Structures are given as C-alpha cells and as structure tokens.
Amino acid sequence: MPPRRPIATFLRPSPEAPADPADRPAAPSDAAPAPSATPVDDRIAPLAVEQVIDAQPVHAPEPFTPAPEVEFERVPEPAQVFTGEAAPAAAPLATTAALPPADAITTPSFLRLPGARLRTPRWQWGMVAGLAALLLVQIAVADRARLAADAGTRPWIAGLCGVLRCSLPAWREPTAFSMLSRDVRPVPGQAGALQVQASIRNDARWAQAWPSLRLSLSDADGRVIGTNVFAPADYLDRATDPAATLEPGQSAQIAFRVREPAASTVAFTFEFL
C-alpha cells in the first residue's frame, strides 16, 4: 500500500468577523438577545489540524515512446459487373489544354476489354483471300498430273491449264477401249509367222494415248502356249506418232506380225493395258 501524504489544514477566523471584541458593532437594543454560549478566548491561537488522506506517490514521468506505425491492408474494390445499362456520364473536367481527337487516342493493350475486337480494314481481307487463292492455284498446278488422273477433278484442272497454258498428261482408261474387229492368221510363205490385225475405238470422255496390247495364244485344250505385251511403238507403223492420242469416239486400225511359239495355236485373246 503506497504511503499516505499528510495535508495540513489551518483554521482561520472568518474575514468578516473582527478579531478584537471592541471593534465589534453593538447590537441594537431592540434586537433579540443572543442565545447563551460558551465564551471563547480570541487570544488563543488556532490549532493546526492534520488530516490524512490517501494519495499516490509522485513518480518521474516516463520517456514518451511513439507507437509503432500500423499498415492497414487495402480492401479491393468490388468488381464492376456489366448489366447492359449505360453508366452515367461523368461530369467533364475543366481543363485549359486542348485534348487530342478521339481517333488519335490509342488505348493500351492492358486496358482493353477481353471481348473488344478491333475492326480490320476490308482491303486486308481482300489481300488475304487473294493470297490464299494464289496458293491454291500453285498447289493445283504443281500436282496437276495426279489431279488430272481423277475423273472428278480433271474437268476443272483442264480448264485451269487452258487459262494458264500448262500441259496435262493424257487421260488413261484402258477399259474404255473397245475392240471392234480382230484377226490372227499365218503369213503366206513364212513358217511360224502370224499376221495380227485389229480395229479399236476410244469410248472415254477424254482423249487417250495409244494403249498397250497383251496378246495370248492358246492350243486346242485351252492352254496358253505364248503371251506377250506390245507397246504402241511395237504395233504402230512409222508414220504414226506413238505419243499421239485418240480423241473420244475415234477409231484406228493396227497391224503387226508375231512369231508363233508352236504349231498347235488355234485361239488368241487381246487385252488392253
């Protein structure tokens, strides 16, 4: 328990009452007599009365220590949700400087909305389409041999080469040749020699090159005793160009000689390759 501090309190006479009885004013005669009281000797000095009260000891003030600074966490602003309604227009700011035109202001990429699309000039789309078409034409011309061998793509590749003046390989469809007539007989005066004559026609939609012929000889029992493949240069005369083509519906005569492998040949077959 902290020590108590004594405080002295002095009793002093009231300033209104004179210290000397002679100086006191005389009471009027008609006043009521004062009640009797014990006489007090004014010459007795007032006594000092000590009164003890509770008091806290006085200590020296502690040095001031500033409180540490506290950093407050910034609360993120709520995300704005676009509801389709136009936001209220902000009041224009007063400025004295002239603002650049709206079309001259470029929005930085990090401030652009994810769904915003930039308008592409039409001439750029036209250039892209032209380059794509040129690329397709180059691919078609480079691969025209394969495309021309297909009945579905040959018509338009033939039209393209007609404009660009490029060459196409001849159409090849051996099954489109028809055998109109055929004949195999011995050559008079030459033992073992056979004269072959035939008439063929091109029934394809496009011009075809001369086909290769396979001739097979059989005996009386149906056994093949000899076969050979003859190229156009083998059965055409010297006046006919082997690289020439037969137009659709065109027919031609062929004739050539072969050596009979055995004297028992009684049958023969032709096949276009």
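Student: How many bridges join β4 to strand β9 (residues 251–259)?
Tutor: The model is predicted: local features need pLDDT of at least 70, side-chain atom pairs count only at pLDDT 80 or more, and totals for chains, interfaces and linings use all residues. Residues are numbered from 1 along each chain as its sequence is written, and side-chain values use heavy atoms, with hydrogens and water left out. Strands are DSSP runs of E with at least two residues, helices are runs of H or I with at least four, and both are numbered from the N terminus; two strands pair if DSSP finds at least two bridges between them. β4 and β9 run antiparallel, and the number of bridges joining them is 9.

Student: Which residue of β9 stands opposite Arg201?
Tutor: β9 covers residues 251–259 and runs antiparallel to β4. Opposite Arg201, the β9 residue is Ser251.

Student: Is strand β4 (residues 193–202) mostly covered or mostly uncovered, and how many of its residues are buried?
Tutor: Buried means under 20% relative accessible area, exposed means over 50%, and partly exposed lies in between, with a 1.4 Å probe and protein chains only. Strand β4 is mostly covered, and of its 10 residues the number buried is 8.

Student: Which residue in the hairpin of β3 and β4 takes a positive phi?
Tutor: Strand β3 (residues 177–186) and β4 run antiparallel, joined by 9 bridges, and Arg185 stands opposite Gln195 in β4. The hairpin has 6 residues between the strands, and a positive phi near 80° is taken by Gly189.

Student: At what angle do helix α1 (residues 122–142) and helix α3 (residues 154–164) pack?
Tutor: Axes are lines fitted to C-alpha atoms, over the stretch in contact for helices, and angles run from 0 to 180 degrees between N-to-C directions. Under 35 degrees counts as roughly parallel, over 145 as roughly antiparallel, 65 to 115 as roughly perpendicular and the rest as oblique. α1 and α3 are therefore roughly perpendicular to each other. Their axes are 11 Å apart, and the angle is about 100°.

Student: Which residues of α3 meet Val137, Ala140 and Val141 in α1?
Tutor: Contact means heavy atoms within 4.5 Å. Val137, Ala140 and Val141 meet, in α3, Trp156, Ile157, Leu160 and Leu164.

Student: Which cysteine does the disulfide join to Cys161?
Tutor: A disulfide is a pair of cysteine sulfur atoms within 2.5 Å, and a search of the whole structure finds 1. Cys161 is buried, with a relative accessible area of 3%. The link is left-handed, with -105° about the S-S bond. At 2.1 Å from S to S, the partner of Cys161 is Cys166.
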